[in-house]
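Please look over the model with me before we discuss it further. My notes follow as numbered points.

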Amino acid sequence: MALNFSGSVFSNQTNTSEEAEELYAQLLAFARVAMVPTSFIGLVGNILNLIILNRAAVKDLSVSVYLTGLAIGDLLYCLDIFRWYLEWSGILPQHYNYDMYCKTMNFIGYFSTGLSHWMIFCVSLERMIMVTFPFKAKSLCTVPKARAVVCFFALTMASCVSINFVFVTQIHGVDDTWICWTRNEDTLGNLLFNIFRLIFELPPVVFVLVLNFVTIVFFFRSRAKSTLASSSMKVSHRTTDYERKLTVTLTATGLVFVILELPYLIMLLLTHLYGNGPKLIAVSNICKLLSGIDHACNFFIYILGAPLMRREFTAMMRKICPKRQDEATSPPVAKLSQASPSRPSPSSDGQENDSTDMTLYSITPIP
């Protein structure tokens, strides 16, 4: 009886482990497939961000410079996760120079991640300055300074990740189905990548969380003071409403960044400490998908929260589709003119009188 009981327990444990492995395999497959629409949505959204942020009404703002750098980093990141899917699915041919190919792909991946993280930090820092030190913001938050900061972080990221080409040798395991989920022949490569994560990827997440907390506290304090103060000028109302919506939008962008990026960084640390088991691999890929969603969703946050971005996007779409817009908004002028019984009377010198009834041709402005 004891032997039968122990055998049944062993079989139950075996079935449970098989079910768990099947669940992890399903999660892994879902994460891989879901990265395809995520990458495409991110590519389209970030291209639209780059177009809108370089329009005349937006490009003269210092925050547009940081958001442009963020869009470039997010665009490269979305390309990178699409490359991940191509490697996992075996679509890419298996005859690469693995060392140089994987070094280049890892350079793009680490560069885009570091650039995006620090651009979010710059956006949060500038918004905190705008809210807490509004009088100093005019001198601190300028377009030339923003461009210098973006160039500094871009060159720093590129220089640090370039070490990958010198000290790291990439190899491709025979039993590995991923081309660039590679092993390193030396411990120096792993050490450099972990240092990069600890210095360039994790600190911006913590800084953005702290900066957004400070911004929210001062934002609600200033809002309470503004409601108590008497305000009679309509321009000040418009300016306050614009700044309020912009602050809410950028703060939401920072909080979404923290919520979606922190799990992936935690899973990277756990996989480094405990190895790549089936459970950790499945969960880490789900977290990688969340990170991809973070890099793909900024366009929708801007459009929903920022009136200026929404207005510029609408104006851009009207230029792309002018015929539909004209047909939808223009009144039937020809029909009205034919239905009009009055004709312009000629003047004494034989020329038509200029006092034509223009009410038939007037277009009521759309509010």
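1. Where does Phe-196 lie? Phe-196 sits in helix α7, which spans residues 187-228. Helices (H or I, at least four residues) and strands (E, at least two) are DSSP runs, numbered from the N terminus. Phe-196 is buried, with a relative accessible area of 5%. Buried means under 20% relative accessible area, exposed over 50%, and partly exposed in between, with a 1.4 Å probe and protein chains only.

2. A word on the basis. This is a predicted model in which local features need pLDDT of at least 70 and side-chain atom pairs count only at pLDDT 80 or more, while totals for chains, interfaces and linings use all residues. Residues are numbered from 1 along each chain as its sequence is written, and side-chain values use heavy atoms, with hydrogens and water left out.

3. Back to Phe-196. Leaving aside neighbours within four places in sequence, Phe-196 is in contact with Tyr-110, Met-157, Cys-160, Val-161 and Glu-201. Contact means heavy atoms within 4.5 Å. Phe-196 and Tyr-110 are 86 residues apart in sequence. Their C-alpha atoms are 8.4 Å apart in space.

4. The overall picture. The protein chain has 13 helices and 2 strands. Of its 367 residues, 38% are buried. Take the contacts in the chain with a separation of 6 or more: residues 24 or more positions apart account for 80% of them.

5. Helix α2 against helix α5. The axes of α2 (residues 62-88) and α5 (residues 143-161) come within 8 Å. They cross at roughly 20°. Axes are lines fitted to C-alpha atoms, for helices over the stretch in contact, and angles run from 0 to 180 degrees between N-to-C directions. The two helices, α2 and α5, are therefore roughly parallel to each other. Angles under 35 degrees count as roughly parallel, over 145 as roughly antiparallel, 65 to 115 as roughly perpendicular, and the rest as oblique.

6. The α2 and α5 contact in detail. α2 passes α5 in a right-handed crossing. A crossing is left-handed if the near helix is turned anticlockwise from the far one by less than a right angle, and right-handed if clockwise. From α2 come Ser-62, Val-65 and Tyr-66. They meet Val-143, Lys-145, Ala-146, Arg-147, Val-149 and Val-150 in α5. The residues of this contact divide into 6 nonpolar, 1 polar and 2 charged. Here Ala, Val, Leu, Ile, Met, Phe, Trp, Tyr, Cys and Pro count as nonpolar, Asp, Glu, Lys and Arg as charged, and the others, Gly among them, as polar.

7. Helix α2 against helix α9. The axes of α2 and α9 (residues 278-296) come within 9 Å and cross at roughly 145°. This crossing of α2 past α9 is left-handed. In α2, the residues are Asp-74, Tyr-77, Cys-78, Ile-81, Trp-84 and Trp-88. In α9, they are Asn-285, Lys-288, Ser-291, Gly-292, His-295 and Ala-296. By class, the contact of α2 with α9 has 6 nonpolar, 4 polar and 2 charged residues.

8. Helix α10 against helix α11. α10 (residues 298-305) and α11 (residues 307-320) pack at an angle of about 100°, with their axes 5 Å apart. That makes α10 roughly perpendicular to α11. Phe-299, Tyr-302, Ile-303, Leu-304 and Gly-305 of α10 make the contact with Pro-307, Met-309, Arg-310 and Phe-313 of α11. The residues of the contact of α10 with α11 divide into 7 nonpolar, 1 polar and 1 charged.

9. Helix α1, residues 2-53, holds Asn-49. Asn-49 is buried, with a relative accessible area of 1%. Leaving aside neighbours within four places in sequence, Asn-49 is in contact with Ala-71, Asn-298, Phe-299, Tyr-302 and Met-309. Leu-23 also lies in α1. Leu-23 is partly exposed, at 44% relative accessible area.

10. The cysteines. How many disulfides does the rule count? The count comes to 0. A disulfide is taken as a pair of cysteine sulfur atoms within 2.5 Å. The sulfur of Cys-297 is 9.8 Å from the closest cysteine sulfur, in Cys-78, which is too far for a bond. Cys-297 is buried, with a relative accessible area of 17%. Cys-122 counts as buried too, at 5% relative accessibility.
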